[in-house]
Amino acid sequence: MRRIARYLTLAFIFGVAIVCMTGCNQDKNAKAKAKSSKASHVQVISAKRTRMVEFLKTTGEVIAVNTVTMQATVEGPISFCPWREGDLIEQAGQKLIEINRPIYRQETLATEAALSVAKAKLADLKAGARPEEIAQAEESVRHFEDCTIFTKADLERIQSLVKSGSLPGEAEEKARVDYIKCQTQLGAAKEQLAMLKAGPTKTEVAIAQAAVNEAAAQLALAQAKLDECILSAPFAGVITNVLVRPGDLVTPRTPLVEIMDPSSLVVRFAVPEIRVADMHKDAEAVVQLDAYPGKTFNARIERVYPELQQNTRTRLAEAKVLDTVELLPGQFARISITIRAIDEAIIVPGKAILATSRGETVVFVVNNDKASMRKVKIGLEQDRDVQIIHGIQSGEMVVTVGNEKLKDGMQVKMTKAVPKPEDKHEAGGNRQ
């Protein structure tokens, strides 16, 4: 009996122990469940380090910088104008318009003939005397030499007859005159022969050259008048407007055609005064055009105007589209200019940023299932991304959903947020 009582006692004690152990375990599980039920469910994402760009976004218009309106310089009817809007001008100097002025054409022909005559005279003068002319001059010298010899002998014979009284004194005077005349003619013939052999003098050549120059100047003047009747393209381009047709009578300063250089097309836009200091030449930009929905085109700032527009308080600038695309004057454009870039920026989604009642900017970082509140300083912003200048490190888990109800040190149960496809592009900062 004693043995049975002992066994019963041991069994009772063992059962009590088991009951106690079971109760303890249940109490621990209940506490764990209670503890688990107090933890907040949050979504987190890892702070990442990436390149971030600050943009200045604005709108503009496609314009042609190089465009001209050709105007008439003389009065007359249009004789040549085959153009229509959209026609291509292949090269500079191509004939565009001709105004019919026959009088100018005839003046040109007359001055061309006068110039030819002056040139022929100059060439003949420079060529010198022909052999025939020299031979003729030599023959003239010999003739007057013979004449001089004959008149001298005749004068001597008559002088002797006058002394003897056979002839009157008047016969001697007549013979003397004939002799002097032959002497004078002989001197002139010798001088002519010498001139022919020596050729033209510098003065004669200069006078003839001056006549040529005068005729050339008259021809240039006549040609200039005729050239005013023909208008040529100042550059290769496209005809944008035709204002006359063949047969129209025009006067000076009448607009004729408008021409545009497609290679000079740029996007012109205005920057508000508060951002003028951010604009500089050669800055990178991206252009969007309504004519090409969903597409972007690389561009570069080529010109920044040196003063503000007084009526709008804006600064004009021009961007050149670098990609191959057909632009048309007047197209509406949206442009994003790169202001600055940060290669190693730590970014988090914007919904992770909270503002406290004291005006502080904070985020919640999860470490060992506890939420830690961090004061942060933010920088650039774009869409859903915000740059963190200091306060967290790359790779730390930042709460993005459920952070409104958190307090510093609270227990959390976290799930990682899945990045959306659009989150995979390069981050950038937008400022308008």
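A residue counts as buried under 20% relative accessible area, as exposed over 50%, and as partly exposed in between, with a 1.4 Å probe and protein chains only. By this rule Cys-81 is buried, at 3% relative accessibility. Cys-229 is also buried, with a relative accessible area of 2%.

The model is predicted: local features need pLDDT of at least 70, side-chain atom pairs count only at pLDDT 80 or more, and totals for chains, interfaces and linings use all residues. Residues are numbered from 1 along each chain as its sequence is written, and side-chain values use heavy atoms, with hydrogens and water left out.

The protein chain holds five helices and 23 strands. Helices (H or I, at least four residues) and strands (E, at least two) are DSSP runs, numbered from the N terminus. Of the 432 residues, 31% count as buried. The chain exposes about 27200 Å², of which carbon and sulfur atoms supply 54%. Accessible areas come from the Shrake-Rupley method with a 1.4 Å probe; for residues, only the protein chains shown count as cover. A contact means heavy atoms within 4.5 Å. Among contacts between residues at least 6 apart in sequence, 76% join residues at least 24 apart.

A nonpolar core is a set of buried Ala, Val, Leu, Ile, Met, Phe, Trp, Tyr and Cys residues joined through side-chain atoms within 4.5 Å. The largest such core has 25 residues. Phe-269, Met-279, Val-287, Leu-289, Ile-301, Ile-335 and Ile-337 have the most contacts inside it. At least two core residues come from each of β2 (48–64), β11 (265–272), β12 (284–289), β13 (297–309), β14 (314–321) and β15 (332–349). Another core, of 23 residues, lies apart from this one and includes Ile-78, Leu-231, Phe-235 and Val-257.

Helix α3 (residues 131–164) has 34 residues. From first C-alpha to last, α3 reaches 50 Å, close to the 50 Å expected at 1.5 Å a residue. The expected span is 1.5 Å times one less than the number of residues. Buried positions of α3 include Ala-137, Phe-144, Leu-155 and Val-162. The buried residues of α3 pack against α4 (169–198). Just after α3, Gly-165 takes a positive phi of about 85°.

A disulfide is a pair of cysteine sulfur atoms within 2.5 Å. The count comes to one disulfide. Cys-147 and Cys-182 form it, with sulfur atoms 2.0 Å apart. Cys-147 lies in α3 and Cys-182 in α4, so the pair ties together parts that are 35 residues apart in sequence. Cys-147 is partly exposed, at 21% relative accessibility, whereas Cys-182 is buried, at 5%.

Strands pair if DSSP finds at least two bridges between them. An open sheet of four strands has the order β3-β10-β8-β5, with antiparallel pairing. Its edge strands, β3 (67–71) and β5 (88–89), each pair on one side only. Five bridges join β3 to β10 (residues 255–260). Thr-69 has Glu-258 as its bridge partner in β10.

Two aspartates have positive phi although neither is a glycine. Asp-282, at about 75°, is found in the loop between β11 and β12. Asp-282 is partly exposed, at 49% relative accessibility. Asp-369, at about 60°, is found in the loop between β17 (361–367) and β18 (370–375). Asp-369 is partly exposed, at 38% relative accessibility.
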